[in-house]
Amino acid sequence: MPVVYTVRAIEARPAFRRAVPQDEVFLLKLFTATNDALRTMPPQMREVLAPIQYRARQASYAAMYPLLEDRVLCLEDGTAVGRHLIHRGASEIRTVDIAVLPQYQRQGIGRASLQQLQLECGEARVSHTLSVAKGNPAETLYLRLGFSVTGADEMYLHMSYGADESTERETEAEN
């Protein structure tokens, strides 16, 4: 049985655990439900393409981040509702991907997982980095959590929550 860590949140009380092979059915469902291109396809086409695209993305992540931490986000009752992929580097902790099933979005689940990671980054004095597709509503959440835009390309904004920034905020809060 995997160890489950409780994560603080306001609206929801999510928990997370490391993904196990039995989670693949859920993870494919999550990938399909949160992929705009797949959601708008005819069902027969989606059934064929979703597993292919999911496996390709998994292989790409594994090649880029061999030590990827794969967390399944759960409600208190153990219901899997999301995923948070994390890469721990020497000078940063990177959110490679975070997704929550549409019916559980806007309940604080993703935010709580990101905040937990921000706490870890503060303790380790490293930056928390991520990229978000331009126009993705999550950009607003990241800005509210204190991330700043550090760069952009045609498709993505690159963001960081720096160790120095979190130390400054803690000092200001104490004064």
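Helices here are DSSP runs of H or I with at least four residues, strands are E runs of at least two, and both are numbered from the N terminus. The model is predicted, so local features need pLDDT of at least 70 and side-chain atom pairs pLDDT 80 or more, while totals for chains, interfaces and linings use all residues. Residue numbers run from 1 along each chain as its sequence is written, and side-chain values use heavy atoms, with hydrogens and water left out.

Colour by secondary structure. From the N terminus, read β-β-α-α-α-β-β-β-α-β-α-β-β-α.

Switch to the surface. The accessible area of the chain is about 10,300 Å² (Shrake-Rupley, 1.4 Å probe). Carbon and sulfur atoms hold 54% of that area. Of the 175 residues, 44% are buried, that is, under 20% relative accessible area with a 1.4 Å probe, protein chains only.

Next, select residues 109–124. This is helix H4, with 16 residues. From first C-alpha to last, H4 reaches 23 Å, close to the expected 22 Å; the expected span is 1.5 Å times one less than the number of residues. Buried residues in H4 include Leu114, Leu117 and Cys121. Step past the end of H4 to arginine 125, where phi is positive, near 55 degrees.

Now show the largest pocket. About 1,500 Å³ of space lies in it. A pocket is an open set of points on a 1 Å grid over the protein atoms alone, where a 1.4 Å probe fits, with protein on both sides within 12 Å along at least five of seven lines; lining residues have an atom within 4 Å of a point. The volume is the space filled by probe spheres set on the points, which are joined across faces, edges and corners. Select Ile98, Ala99, Asn136, Ala138 and Tyr142: of the 44 lining residues, these are the closest to the pocket centre. Strand E5 gives the largest share of the lining, seven residues. Colour the lining by type: 24 nonpolar, 10 polar and 10 charged.

Last stop: threonine 32, in helix H1. Why does threonine 32 count as buried? Because its relative accessibility is 16%. Beyond neighbours within four places in sequence, threonine 32 contacts Leu38, Arg39, Arg46 and Ala50, contact being heavy atoms within 4.5 Å. Then draw a C-alpha to C-alpha distance from threonine 32 to tyrosine 54: it is 8.3 Å, across 22 residues of sequence.

Terms used. Buried < 20%, exposed > 50% of the residue type's maximum accessible area, 1.4 Å probe, protein only. Nonpolar A, V, L, I, M, F, W, Y, C, P; charged D, E, K, R; others polar.
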